[in-house]
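Biologist: Could you take me through this structure? I would like to begin with the contacts of a single residue.

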Amino acid sequence: MRAQSSATAPSGIAVGASSADTGGRSFGTVEAALGVVAFSLTFPATAWGLEGFGPWSLIAVRSILAAVVAGACLLAVGVPPRERSRARGRTAPPERRHWLGLAVVGAGVVLGFPLLTTLALQTSTTAHAAVVVGLLPLTTALLSALRMGTRPSRTFWIAALVGAAAVIAFTVQQSGGALTSADAYLFAALLVCAAGYTEGGRLARVMPGWQVIGWALVLCLPLTVPMAAVALSFEPVHLTAHSVTGLLWVAIGSQFLGLVVWYRGMAAIGIPKASQLQLAQPLLTLVWSVLLLGEHLTVAAPLTAAAVLVCIAVTQRARG
């Protein structure tokens, strides 16, 4: 009896650990999906914001507002102090070895991607700009493989390529197949955002995801504050319900809360798999564009949505 008990105990522990791991991955998938929903509203909200703000003003002000919210959360909730600060009860900043990664996050997702896509949206429709988001999951997975040594399976890559191709075909068809001068901005935005996602997902393994984007936003304040002062002096501001709503969403919804759950999700399920959930983002963006901007969709939308959902399911099950 004693031998039987000792034999069953490890089994019970293993089952419990497996269940906990499965639950953690499921919750991580939900968090990453919530991030995708938040990001899907970014382009329509940016279009609203551009009704009352210039592109440089919109980017600078949104980053400052997001940094204020993030800084308040860091002060209110606090972060675990390092040993040398524990006796004083003060909150310590991230360790020095993490600052370079935070700088990459700031350059990619706080400044680079918002600025480049906002400049693109001055001459591009949201449907055309969604091409960037369609390519972002594959680019993020590629950079993750190079940066972190991840090796997804062949099935994963095939599904990712098929899903990206479906999204690109759909979004190009929606924009009439024409390429615009905004493409240079869009492809540059694709690269810097993928780099920011990769570094953010890596850092979210060693610190909470909300702290990753929180510190990145605060780190960018020395750039965004003077940028806002200069931009607002040159670009006229016309406050309307649309422009204020768009500004508040891109600042708080997309720039902070969306990235909080996104980085948490990436840390839980891995960067390549989380990135593939973004295959649904262009379709969601187009839905919001219909509801909020009055754009029209063709019957290709549900067909593409079905193909993308199949690809997402395959990538989530594929083993690296």
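Modeller: Tyrosine 197 is in contact (heavy atoms within 4.5 Å) with Phe39, Val109, Leu136, Thr140, Leu259, Trp262, Tyr263, Met266 and Gln278, leaving aside neighbours within four places in sequence. Please note that this is a predicted model, in which local features need pLDDT of at least 70 and side-chain atom pairs count only at pLDDT 80 or more, while totals for chains, interfaces and linings use all residues. Residues are numbered from 1 along each chain as its sequence is written, and side-chain values use heavy atoms, with hydrogens and water left out.

Biologist: Which residues have the most contacts inside the largest nonpolar core?

Modeller: They are Val109, Tyr197, Ile213, Trp262 and Tyr263, in a core of 61 residues. Such a core is a set of buried Ala, Val, Leu, Ile, Met, Phe, Trp, Tyr and Cys residues joined through side-chain atoms within 4.5 Å. Buried means under 20% relative accessible area, exposed over 50%, and partly exposed in between, with a 1.4 Å probe and protein chains only. H5 gives the most to this core, with nine residues. Another core, of seven residues, lies apart from it and includes Ile59, Ala60, Leu115 and Leu119.

Biologist: What does H5 look like, and where is its kink?

Modeller: Helix H5 covers residues 96–121, and its 26 residues reach 37 Å from first C-alpha to last, close to the 38 Å expected at 1.5 Å a residue. That expected span is 1.5 Å times one less than the number of residues. Helices are DSSP runs of H or I with at least four residues, numbered from the N terminus. A kink of about 40° lies at glycine 112, shortly before proline 114; the bend is the angle between axes fitted to the seven residues ending there and the seven starting there. H5 is largely enclosed by the rest of the structure, because 19 of its 26 residues are buried.

Biologist: Changing topic: how many salt bridges are there?

Modeller: The search of the whole structure finds three, each a side-chain nitrogen of Lys or Arg within 4 Å of a carboxyl oxygen of Asp or Glu. In one of them, the side chains of glutamate 31 and arginine 264 meet at 2.5 Å, N to O. This pair links distant parts of the chain, 233 residues apart: glutamate 31 is in helix H1 (residues 2–40) and arginine 264 in helix H11 (residues 241–269).

Biologist: Is glutamate 31 buried or exposed?

Modeller: Glutamate 31 counts as buried, at 8% relative accessibility, whereas arginine 264 is partly exposed at 36%.

Biologist: And the other pairs?

Modeller: Arginine 202 and glutamate 199 meet at 2.9 Å, N to O. They are about one helical turn apart because three residues separate their positions in helix H8 (residues 183–203). Arginine 97 forms a salt bridge with glutamate 95, the closest N and O atoms being 2.8 Å apart; arginine 97 is exposed, with a relative accessible area of 59%.

Biologist: Finally, what is the mean pLDDT of the chain?

Modeller: The mean is 81, and 85% of residues reach 70 or more; pLDDT is the predictor's confidence in each residue, from 0 to 100.

Technical notes. Helix = DSSP H or I, 4+ residues; strand = E, 2+ residues; numbered from the N terminus.
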